[in-house]
Amino acid sequence: KEDFEVLEDRFLHELADAFLRRLIDLQPKVTSKEIIKMQAIAAKQALCWPSSSLCRKGIDLINKILPVMLQSGDKQFEEFLGKHIFIAIIQAMTMATHADLNMPLLVLLRDVYAVLRLSEHPKEVLLSLPSVSPSVLLKLDKQFMVNDGDPKAQRQLFKHLLTDVCKINIHSAKVPSILSLPTTSFVIKQEKQQSWMDGNPDLNLSSLYDAHVD
């Protein structure tokens, strides 16, 4: 039985690898929204697959389609990037199999936030993290803008937020700190911690958006 399971895992891995290679080779175009959707969904899944090589391809694919998704002006693309891709990047950073990809994942996290800073979708994701309140988020955003033009400093802001504020382990490949990642909150060390969004599920984030614009 074990042999069959190993072979099945290997087959699925090779199939996913070939599929991702094909999607990376495709040239995304604004007029080919269905293809872009397929690439985006596959990239998201690849980020959280327990395989470093597939995650790397997911990162490469997102980097390739990101400019086209933004250029399209499609609100569905904005939501998928700011919510589903953004949270998948954070989840990927907690996976033991992706320990060697923490830096490119952190780069991608910063890049997505940079292009969607005025969107409410990344804000909702960040507010779903433990210990992240609107005041913490506003402080992050202010420091992010102060360091405009310095991607390294901006990456450090996210690293500090995840490791020091949220207590998420993104360094060690041996000690997992997140065992599951629901859409509304993280589960850390198997103990559910209420996030700010959990306590304010119906709150309109427009006031937070306005604060950022000002």
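Begin by selecting Phe144 and Phe158: both residues are buried. The model is a predicted one, and the tour starts from this pair of side chains before turning to the chain as a whole.

**First stop: the rings around Phe158**

Five aromatic pairs occur in the structure. Phe86, like Phe158, is buried.

Return now to Phe144, whose ring also pairs edge-to-face with Phe158, at 6.1 Å centre to centre and 75° between the planes. Because Phe144 sits in helix α7 (residues 134-146) and Phe158 in helix α8, the contact ties together parts 14 residues apart in sequence.

Which residues do ring pairs link into a cluster? Select Phe86, Tyr113, Phe144 and Phe158 to display it.

**Second stop: the nonpolar core**

Next, select Leu47, Phe86, Ile89, Leu105, Leu109, Leu126 and Phe158. In the largest nonpolar core, which has 52 residues, these are the members that touch the most other members. Colour the helices that give two or more residues to this core: α1 (2-25), α2 (33-47), α3 (52-72), α4, α5 (102-115), α6 (120-127), α7 and α8. Which element gives the most to the core? It is α4, with 11 residues. In soluble globular proteins, nonpolar side chains tend to be buried together.

Centre the view on Leu109 and show its contacts. Leaving aside residues up to four places away in sequence, Leu109 touches Phe86, Ile89, Ile90, Met93, Phe158 and Leu162.

**Last stop: the whole chain**

Finally, clear the selection and switch to a cartoon view. The chain holds 10 helices and three strands, and its pattern along the sequence is α-α-α-α-α-α-α-α-β-β-β-α-α. Of its 214 residues, 43% count as buried. Among contacts between residues at least 6 apart in sequence, 66% join residues at least 24 apart. With the surface displayed, the accessible area of the chain comes to about 11400 Å², and carbon and sulfur atoms account for 54% of this area.

Key. Residues numbered from 1 in each chain as written. Predicted model: local features only at pLDDT ≥ 70, side-chain atom pairs only at ≥ 80, totals over all residues. Heavy atoms only, no water. Helix = DSSP H or I, 4+ residues; strand = E, 2+ residues; numbered from the N terminus. Buried < 20%, exposed > 50% of the residue type's maximum accessible area, 1.4 Å probe, protein only. Contact = heavy atoms within 4.5 Å. Areas by Shrake-Rupley, 256 points an atom, 1.4 Å probe, with all protein chains shown as cover. Phe/Tyr/Trp six-rings, centres within 6.5 Å; stacked < 30°, edge-to-face > 60°. Core = buried A, V, L, I, M, F, W, Y, C linked by side-chain atoms within 4.5 Å.
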